[in-house]
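Me: I've got a structure to go through with you. Mind taking a few questions about the salt bridges and one of the helices?

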Amino acid sequence: MRKLILAAALLSSPAFAQSDPAEEVSTERLRADMDTIVSFGTRHTLSSQTDPERGIGAAVNWALDEFGRIGAGCENCLEVQSVERIIDPDGRRIPQPTLVRNAVAIQRGTERPDEIIIVQGHYDSRVTDPLNGTDDAPGANDDGSGSVMILEAARILSQREYPSTIVYALLTGEEQGLYGAQILADWVGEQGYTVKAVLNNDMIGNSCGSDGKCDAAHVRVFSEGLRADSTPEVRAMQRRFGGENDSPGRNLSRWIAGVAEADPEGMQVRQIWRTDRMGRGGDQIPFLDRGYPAVRITVAVEDYEHQHQDLRVEDGITYGDTVDEIDFDYLTRASQLNVRALDRLAQSPMPPAPNADAIVRTDTVVEWDAVPGAHHYHVYQRRTDQPYWNDEATADLLDEGAVDGKLSTVIDERGDDWFFGVNACTATGYCSPIASAVPAGAFAPVAQSEDDSE
């Protein structure tokens, strides 16, 4: 059976013995939030911005107020704002200038406030016609489920302090063309943040599909292979040195799977190694386009009769994305996985940016720059035809051994046959995802030349 090194590392670390915030996830609060956001009738991006009780305006206002109430419970530890933009008509799903507002809450890190983790879901909803902003569109699973999880994560994690910043984001405009995510990704770049991870949760609330197939044990985590922000130079380097399966998003996916495996009784991960479902897309994509590590977390099996559907009964089949179709036990366990991952990401350092040199030599030199907040580092390896990192580290180095801010180790293996990666850990055992020592393996946007820029 597949094993990941993080599962063993977490179970054996001192940090794992501390209280687990995932145990605080409340099914009752998730259900209450779901009832509230469905009560707005529709959260379609083209619905009313001004009606105090119905439509996207009322829904976003409530979310901003709810973030404010959560912040009041932690001595105003959340900075709440609407990150927004007016979108011009696009000839597709935005027929007139439309205000797209995201409800965002920022929990500043105590040590590295510009190093951020984003947990997001789309708050808007739709029925069959993507331009119908009038009819009821409950959007319970798509994506009320991700939205209520984010509110619950904010309630729980805001009661703790973290070295890194957590950004909680309810996005709109997704069903019209991923506009809310584009706005937030642009805003992140304008702030100059370093993005450690983006967890996009889109539909995490049902365990059975329209064909009767059920899987209550897993969520799927989608991750890109070749980087969206790659350049001709990077692609040429990858042809020579490899790395097609080693994007930051792919290593983030491996890391989340390890978090799940550390709790065998909890929600498990089935990794899907493509950017999104076939022919479809989600709000992780604008972040990937900008070079930020991002994954999509979603249900193991989709129920097509209860997403993007007018509310109706047809040929004895009930259609519509309603609350009664939500599996709240499944949603609770998916929420717990997210909270557990956020807790660990916010405590761990950034992944290093390693390089491997094995050209015409019988060993391999792996080197990287020291990372703020790191106490020690693990070097891992896997054969080029293996999908997962070896269970045990090949080498361990203390941060205090850095020379002029750099660390290196020599591995007694011919590099042609192996991929190498490095993670960074705190003294209490919180370890970052592994970053691969391949071209563009670093958790940072690829540098763009003038010829590559738009």
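Me: Which residues are linked in a network of salt bridges?
Reply: Quick caveats: this is a predicted model, where local features need pLDDT of at least 70, side-chain atom pairs count only at pLDDT 80 or more, and totals for chains, interfaces and linings use all residues. Numbering runs from 1 along each chain as its sequence is written, and side-chain values use heavy atoms, with hydrogens and water left out. A salt bridge here is a side-chain nitrogen of Lys or Arg within 4 Å of a carboxyl oxygen of Asp or Glu. The network links Asp202, Arg220, Asp276, Arg277, Arg280, Arg296 and Glu302.

Me: How many residues of α3 are buried?
Reply: Helices are DSSP runs (H or I, at least four residues), numbered from the N terminus. Helix α3 covers residues 56-72, and its buried residues include Trp62 and Phe67. Of its 17 residues, the buried count is 12.

Me: Which residue does Glu66 meet in a salt bridge?
Reply: Glu66 is buried, at 12% relative accessible area. The N to O distance is 2.7 Å, and the partner is Arg69.

How values were computed: Helices (H or I, at least four residues) and strands (E, at least two) are DSSP runs, numbered from the N terminus. The expected span of a helix is 1.5 Å times one less than its number of residues. Buried means under 20% relative accessible area, exposed over 50%, partly exposed in between (1.4 Å probe, protein chains only).
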